[in-house]
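Q: I am new to this structure and would like to learn how to read it. Please show it to me first.

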Amino acid sequence: MNSTSSRRGFLGTLGAVAAAIAAPRKLFATKAPASEPSAAAAGLGQSGNPYQELGVTTVINGEGTMTTLGGSLIRPEVEAVMAQAARHFVSIPELEVAAGKRISQMLKLPQGYSAIVTSGAAGAIQSGLAGILTGDNESLIKQLPDLTGMKSEVIIQKTHRNPFDHQLRGPGVKLIEIETHEQLRRAVSERTAMMHFTNFANSAGQIKVDEWPKLAKQHNVPCMNDAAADTPPVSHLWDYANMGYDLITFSGGKALRGPQCAGMLIGREELVHYALLNNSPYEDTLGRGQKVGKEEIVGMLKALELYLSEDHDALAREWQQRLENISAQITKIPGVSTSFFIPEVANHVPHMQITWDARISLTPSQASQILRSGQPSIVIGGGEGRPGLAMNSFMLQPGEDQIIAEQLSKVLRQHSA
Ligand SMILES: *Cc1c(COP(=O)(O)O)cnc(C)c1O
C-alpha cells in the first residue's frame, strides 16, 4: 500500500547523501559536471522513482539476493563513493591492482594472495579459468576459446554441476565429471587445467570442501571454489584462501550489497594477474565483454569495508524478528503454520516456511502468483525444495515485513473455508 512512498523515502535518502557529497566538491576549482546525481529535476528520475516512470513494477523482495530481481540494494555510503569515483579518469589496471591490495588487507588474506574486482562471480569464474589456461602469453590470450596448445579440461564433481559452469565452458574447456576419489585420480591428466568446486554443493559431493584443495595440490593442479552467494558467515571471505584454494569467487551484488554487476576473484597473485590480462579493459580478450567500471571497483571496496564492520549477529536477529512478525499474524488464520530454517550454505540467513491445510483452498504457487500480481507486488519463492511457500527477510526494507503480513493474511483469508 504505502510501499511506493517508503521506497521513495529510501531513494530520497540516497538523494540527500548525493547532495551532501556534492557540496565539498565546490571546494575544487574545476567546474562540477552538469549531471549531479541529485539533479534529476526534469526528465527521467524527476519523480524519485525512475522505474515507475518507465512503467516497470518495483517489488517487495522476500526471496533474497536474486539477480533477476536486481540482486541487492547498495548502501548510501557505497552510492556516495561511486559518485566520487565517477568524477575522475584513472588507469583501470592500476586501480585493479590497488583494489587487490586493499581487499587482501581488509580480508587479511594469506601471504601471496591478491584479488581483482570482476563483473560478478560469473565473470570471476570465466576470467580466473582463462588466466590459468593462458598465463601471460599474449598470443594464447588472443586465441581463446581456441585451446590449441593449452590444457583443455576442468574436473568437477558430478553433483557440483550448476548453471554457472557455463562460465567454465566459455573458454572452451571440457568438463570432466567425477564422483569418487578413484575417478578423480584417473581423470587427472596432462590435459587438466583446473579442479572446480561449487561451494553450495559441498554436502552433495563425496569430496568435501577442505579435502578438494589438498587433492588438487597432490595432483599439482590449481583449484577454484565458486563461493558466490556464500556469505554470511563473514568468515567465508577468507576461509577458502586459508584452506588452500588457488582461486575463489564471490558475488559483490548479493549479501555484500556492493554494485550489482561487481564481484571478486580472490587468489594467488600470479593467477589473479593472469585473470586480469584476460579481462576488460584489455582488448582482444575473452573477458573484454565483462567490463567493470571504475565506479564498480571502488563501490565494491566500500561495500566490503562496510560489510566487515557490520554487527552480523544483530542483523541475523533482526532478520529472524521480521519473519516472526509475519508468522505471528498469518498463524492466526486457522490451518496456517510456519517453521524456520537456515540453509547450511548459500543464503545462510533465516528462512520461514509457510504451509496450510485443506481449510485453505489455494496452492502455494497460486498464492505466490496472487502476491506477485498484487499491489504492492510481493515476491515470495517456492520452498527451497520444501512444501508450501518459503521466504527470507534479508532484502526487505523497513516496514515491508508488515506489508507482507497484511497481504498474505488477506490472500489466505480470502481462500479460507
Ligand atoms: C550468483 C551466483 C553466481 C554468479 O554471481 P554473479 O555475481 O551474479 O555473477 C555464480 N555462482 C553461484 C553459485 C551463484 O549463486
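Q: Is the crossing of helix 3 and helix 12 left-handed or right-handed?

A: A crossing is left-handed if the near helix is turned anticlockwise from the far one by less than a right angle, and right-handed if clockwise. The crossing of helix 3 with helix 12 is right-handed. Helices (H or I, at least four residues) and strands (E, at least two) are DSSP runs, numbered from the N terminus. This is a predicted model, in which local features need pLDDT of at least 70 and side-chain atom pairs count only at pLDDT 80 or more, while totals for chains, interfaces and linings use all residues. Residues are numbered from 1 along each chain as its sequence is written, and side-chain values use heavy atoms, with hydrogens and water left out.

Q: At what angle do helix 3 and helix 12 pack?

A: Two packed helices are described by the angle between their axes and the distance between the axes. Axes are lines fitted to C-alpha atoms, for helices over the stretch in contact, and angles run from 0 to 180 degrees between N-to-C directions. Helix 3 (residues 76-85) and helix 12 (residues 294-308) pack at about 150°, with axes 8 Å apart. That makes helix 3 roughly antiparallel to helix 12 (angles under 35 degrees count as roughly parallel, over 145 as roughly antiparallel, 65 to 115 as roughly perpendicular and the rest as oblique).

Q: Which residues of helix 3 meet helix 12?

A: Contact means heavy atoms within 4.5 Å. Glu77, Val78, Val81, Met82 and Ala85 of helix 3 meet residues of helix 12 including Lys294, Val298 and Leu306.

Q: How do helix 13 and helix 15 pack?

A: Helix 13 (residues 312-330) and helix 15 (residues 400-414) have axes 9 Å apart, at an angle of about 25°. They are therefore roughly parallel to each other. The crossing of helix 13 and helix 15 is right-handed.

Q: Is Ile207 buried or exposed?

A: Buried means under 20% relative accessible area, exposed over 50%, partly exposed in between (1.4 Å probe, protein chains only). Ile207 is buried, at 0% relative accessible area. Ile207 lies in the loop between strand 5 (192-198) and helix 9 (212-218). Leaving out residues up to four places away in sequence, Ile207 touches residues including Gln157, Phe197 and Trp212. The C-alpha atoms of Ile207 and Gln157 are 8.0 Å apart, although the two residues are 50 residues apart along the chain.

Q: What share of the chain counts as buried?

A: Of its 417 residues, 50% count as buried. The chain has 15 helices and 13 strands.
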